[in-house]
Protein chains: 2
Amino acid sequence: MIPLAEASIAALRQAIGPGPVKLHEPRFTGNESRYVQDCIASTFVSSVGQYVDRFEADLAACTGARHAVAVVNGTAALHVALLLAEVQPDDEVIVPALTFVATANAVRYCGATPHFADSATNTLGLDPQALRDWLRDCATPQGRHWINRHTELPLRALVPMHTFGHPCDLDGLLALAEDYNLPLVEDAAESLGSFSQGRHTGTFGRLGVRSFNGNKIITTGGGGAILTDDPDLARRAKHMTTTAKLPHPWAYVHDQTGFNYRLPNLNAALGCAQLEQLPDFLASKRRLYTRYQAAFAGLEQVRLMGEPPGCVSNYWLQTLILAEDSADQRDAILAATNEGGLMTRPAWTLMHRLEPYRDCPRAPLPVAESLVRRLINLPSSAGLA
Amino acid sequence: MIPLAEASIAALRQAIGPGPVKLHEPRFTGNESRYVQDCIASTFVSSVGQYVDRFEADLAACTGARHAVAVVNGTAALHVALLLAEVQPDDEVIVPALTFVATANAVRYCGATPHFADSATNTLGLDPQALRDWLRDCATPQGRHWINRHTELPLRALVPMHTFGHPCDLDGLLALAEDYNLPLVEDAAESLGSFSQGRHTGTFGRLGVRSFNGNKIITTGGGGAILTDDPDLARRAKHMTTTAKLPHPWAYVHDQTGFNYRLPNLNAALGCAQLEQLPDFLASKRRLYTRYQAAFAGLEQVRLMGEPPGCVSNYWLQTLILAEDSADQRDAILAATNEGGLMTRPAWTLMHRLEPYRDCPRAPLPVAESLVRRLINLPSSAGLA
């Protein structure tokens, strides 16, 4: 085994024991069973019910958003948020190249095209300065909007993503969004519990979205939410995600092509119990970061991703960053750790390297290209520390 | 109160007691709590898990389909089934005007246009003879396909729906589908447990879809499934509904714009328990039909919808059909029953009367127009009889 792989395994075992251990397991040590039983007993397991209402209220209270609309998953949340940001067919939407595929997919569901931008080393999220430099060359004003001068398509929205839970540079991105008249839609799928300058991620943009998939910091099985401070957007989000049915004692009238994106009450019941434990999960993940820091301190070729300045991160997925001259050892480390029962993962394939998105417009991506060869996610479950 | 409304309330109370009673409530008297607890204890509540595998196997065994792919709801199932039937943007898809809005919505999600066709009085589903007459005028061959000569768009698929659980005329529709080279995709959302000539609905077409929404004969909270006998279609359905990720020990490679349409294991656990009780639910619903028949026998102005010849219906929603000359009393009956705590519902608004679909192509719809003014769904929960 190459020395860095061997040393990484030793550091992991020092921090979390011998394993085997998954990348991220949910933890159900609170009221999960009680609430789910209660939900079944009530017979309201489906698209309406008290747990859906409570989960939405609890999410709003937890994040400081005025409104939260629970939906079936994070992808659905982003799809509807983009529609509410008025993304239309043949628009372009600026998203990071370094993201989970759902970010790009949601743009496509709107009939629009993702336009990939580079990341910053200090946040792993969109780099506002690099994007500003790119748009200075690429974008030209047309009426109230800016168009991509190469494709002649309108730039319609800006979608940063908070990578592995670390807040991106929201100040810089908000300024850029204003200069280019782009609504900011935050893909905050991974960052429940992460703050930038004291404010919860997901609440900076016109809309923000969350995921509660099984691998997230809290889970509803599958689930997501749309956050917004705008009561009209919240009302429309609820309407569009519930088949766009107009209220009536019995008539079935739908005033647009809506979606069946409601979160079932059964899943919301799980979510209510999970949300109660979020403070404990956050504390555990922060302790785990400290342990990993100590364990990996002696290895010069790697560093741990820490929260950016001015931010509090949820440390959803702990992340090792290899030095440039050790990037060629990434696959050996991945192989050795996974074979040793310590589940690790690389970052996602960059979006423009995927078959469905290889022809999409993109900025120069030197930082994302470098990061993607050097990132390794470590076992991160709450309860490991 | 008008006499027919008064008589209807009396008949309902004779059949099911004084109420209050919902239109359709789920019933969780089996292993629901046990399986859901077990699922939570396993920590596999999300997109993979033994209950998903088991639910798919149980569904295949129950329906006789070779393959079942569990998904997040019936709308998602139909969306993916239409894509697998190669429905493309600017195609037309023939669907009934008398259906729930999800049928038309799923066509739109593909970028295609629903083309509405008439229903038959004896099945409440698509009338193959009326549709054949319409296509003789409207369709003209072009290469391997037929196009709508008015819109010049290709007719790409035929999507019958089994209304309230009653099988439509599958023989007639299969013959028509063959003559016009249209893949048949069965919207069998409502008809789990319904058979035509001994074969389960949902297994006649190239693909069939099911819904397990809270109001269906069995529920997973929210959920659905795609049925097919074709192993390649089943494999592609699973792939497309799980973000089109290619199998790999760690790399994230997605080879098309996929969907996040997986059914969570938590919901599948509920579904496994519900499916065990399907025979009991079916027996109860058949008894309820007999009770309603007896209770309404004295009312000349109404009849109960019974299973079409050669079919076994699941009697998902019991349905009263008013005589033509009593149609003007429908709203009075709806108002009186709902005010009296006996929840009833009219049929859906016909699709071409909805704002998003008013400009879509359509056949003459005299039967659907007549039926929609005369149908009333009665309280139908399993356990009422």
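Predicted model: local features only at pLDDT ≥ 70, side-chain atom pairs only at ≥ 80, totals over all residues.
Chain B has an open sheet of 5 strands, ordered S3-S2-S6-S5-S4, and the pairing is mixed. At the edges stand strand S3 (113-117) and strand S4 (139-142) of chain B; each has a single partner strand, so one side of each is left without a neighbour in the sheet. On average, and ignoring direction, neighbouring strands here are turned by 50 degrees against each other. If you want to look at one pairing in detail, take S4(B) and strand S5 (residues 145-148) of chain B: they run antiparallel and are joined by 4 bridges. B:Ala139, for instance, has B:Asn148 in S5(B) as its bridge partner.

Now hop over to helix H6 (residues 128-138) of chain A. Its residues sort out like this:

| Side of H6(A) | Residues |
|---|---|
| Buried | A:Pro128, A:Leu131, A:Leu135 |
| Exposed, on the face turned away from the buried side | A:Gln129, A:Arg136, A:Asp137 |

Looking down the axis of H6(A), the buried residues fall within an arc of 60 degrees, so they line one face of the helix. What do the buried residues of H6(A) pack against? Their partners are strand S3 (113-117), strand S4 (139-142) and helix H7 (170-179), in chain A.

**A glycine in a loop**

Back in chain B, B:Gly205 sits in the loop between strand S9 (199-200) and strand S10 (207-211). B:Gly205 counts as buried because it has 27 C-beta neighbours inside 10 Å. Setting aside neighbours within four places in sequence, B:Gly205 is in contact with B:Leu184, B:Val185 and B:Glu186. B:Thr228 is 23 residues from B:Gly205 along the chain, with 8.0 Å between their C-alpha atoms.

Technical notes: Residues numbered from 1 in each chain as written. Chains lettered and ligands numbered in written order. Helix = DSSP H or I, 4+ residues; strand = E, 2+ residues; numbered from the N terminus. Buried ≥ 20, exposed ≤ 12 C-beta atoms within 10 Å, placed from the backbone. Contact = placed C-beta atoms within 7 Å. Pairing = 2+ DSSP bridges. Axes fitted to C-alpha atoms, helices over the stretch in contact; angles between N-to-C directions. Arc of directions from axis to C-beta.
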